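Welcome, and do keep the viewer open while you read. This briefing goes through confidence, helix packing and a pair of loop residues.

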Amino acid sequence: MKKFIAVTFAIACLFGCGKKETENLEQKMVSPETKQTEASPRGDLGFIKNEQGFIVHMKDIKVLLKHLSSSINQQNWEAIKQDTKKLKEASPVAFTGANKKDLPAEFINLDVKFHMSAQELIGACQEKNKDRATAAFFKVVNSCDECHAKYNPKEASTSWFQ
Ligand code: HEC
């Protein structure tokens, strides 16, 4: 969250420096920006084509992670196997219902990161090593949080892990 504030502040500063520009330029810069804020309070999430569906999928993977967390604790490797398989198949990029080329590159990168961490978790669970599985599990949680820090305006979605 602090990072987010810092970034916002840095952006605000950038715009502040724009005052040195000629008045003409400044007007051009201000108008499209105010328009965007009015159109959507959620700003840059316009690329999610089916918001309701997207949120349902997100809630599903949250339930999946909760279940995984207790299965890892109990070392129930059969349940873990099923959950990790579902987790690997989950794709925030696909959930948007949008064409990949219309999505921000960073969103796609964060999706890739999530998949890499899910793959790592699968590896750790195949070894049936609780410590490695736990570490990999939290890497997955971090990959969720990393994308939310940037794209989820409601942020606290995975806060139940802390
Ligand atoms: C590539 C980006 C990305 C990744 C990775 C990601 N999410 Fe999300 N998530 C989002 C966005 C964007 C929203 C906000 C959607 C909205 O409000 O329209 C969101 C919202 C949520 C919500 C809130 C739904 C609600 O009630 O409004 C939950 C819960 C959630 N995500 C869980 C997870 C979990 C658990 C993971 C990891 C296993 C995860 N997400 C990974 C992008 C991502």
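Two residues are taken to be in contact when their C-beta atoms, placed from the backbone, lie within 7 Å. With that in hand, let's look at this predicted model, whose chain has a mean pLDDT of 79.

- Of the chain's residues, 69% reach a pLDDT of 70 or more.
- Where pLDDT is low, predicted coordinates should not be read in detail.

**α3 against α7**

- Which residues bring these helices together? From α3 come Leu65, Leu68, Ser69 and Ile72, and they meet Lys130, Ala133, Thr134, Phe137 and Val141 of α7.
- Sorted by class, the contact of α3 with α7 has 6 nonpolar, 2 polar and 1 charged residues.
- The axes of α3 and α7 lie 10 Å apart, and the packing angle is about 165°. Angles over 145 degrees count as roughly antiparallel, so α3 is roughly antiparallel to α7.
- The crossing in which α3 passes α7 is left-handed.

**α4 against α6**

- α4 and α6 pack with their axes 10 Å apart, at an angle of about 160°. This angle makes α4 and α6 roughly antiparallel to each other.
- Here, too, you can check the handedness on screen: α4 and α6 cross in a left-handed way.
- On the α4 side, the contact is made by Trp77, Ile80, Lys81, Thr84, Leu87 and Lys88. On the α6 side, Ala118, Gln119, Leu121, Ile122 and Cys125 take part.
- By class, the contact of α4 with α6 has 7 nonpolar, 2 polar and 2 charged residues.

**Two loop residues with positive phi**

- Glutamine 75 is not a glycine, yet its phi is positive, at about 55°. You will find glutamine 75 in the loop that links α3 (51-74) and α4 (77-89).
- Is glutamine 75 buried, exposed or partly exposed? Glutamine 75 is partly exposed, because 13 other C-beta atoms lie within 10 Å, and a residue counts as exposed at 12 or fewer and as buried at 20 or more.
- Lysine 128, also not a glycine, has a positive phi of about 55°. The place to look for lysine 128 is the loop between α6 (105-126) and α7 (130-151).
- Lysine 128 has 11 other C-beta atoms within 10 Å, so it is exposed.

Terms used: Residues numbered from 1 in each chain as written. Predicted model: local features only at pLDDT ≥ 70, side-chain atom pairs only at ≥ 80, totals over all residues. Helix = DSSP H or I, 4+ residues; strand = E, 2+ residues; numbered from the N terminus. pLDDT = per-residue confidence, 0-100. Axes fitted to C-alpha atoms, helices over the stretch in contact; angles between N-to-C directions. Parallel < 35°, antiparallel > 145°, perpendicular 65-115°, else oblique. Left-handed = near helix turned anticlockwise from the far one by under 90°. Nonpolar A, V, L, I, M, F, W, Y, C, P; charged D, E, K, R; others polar.
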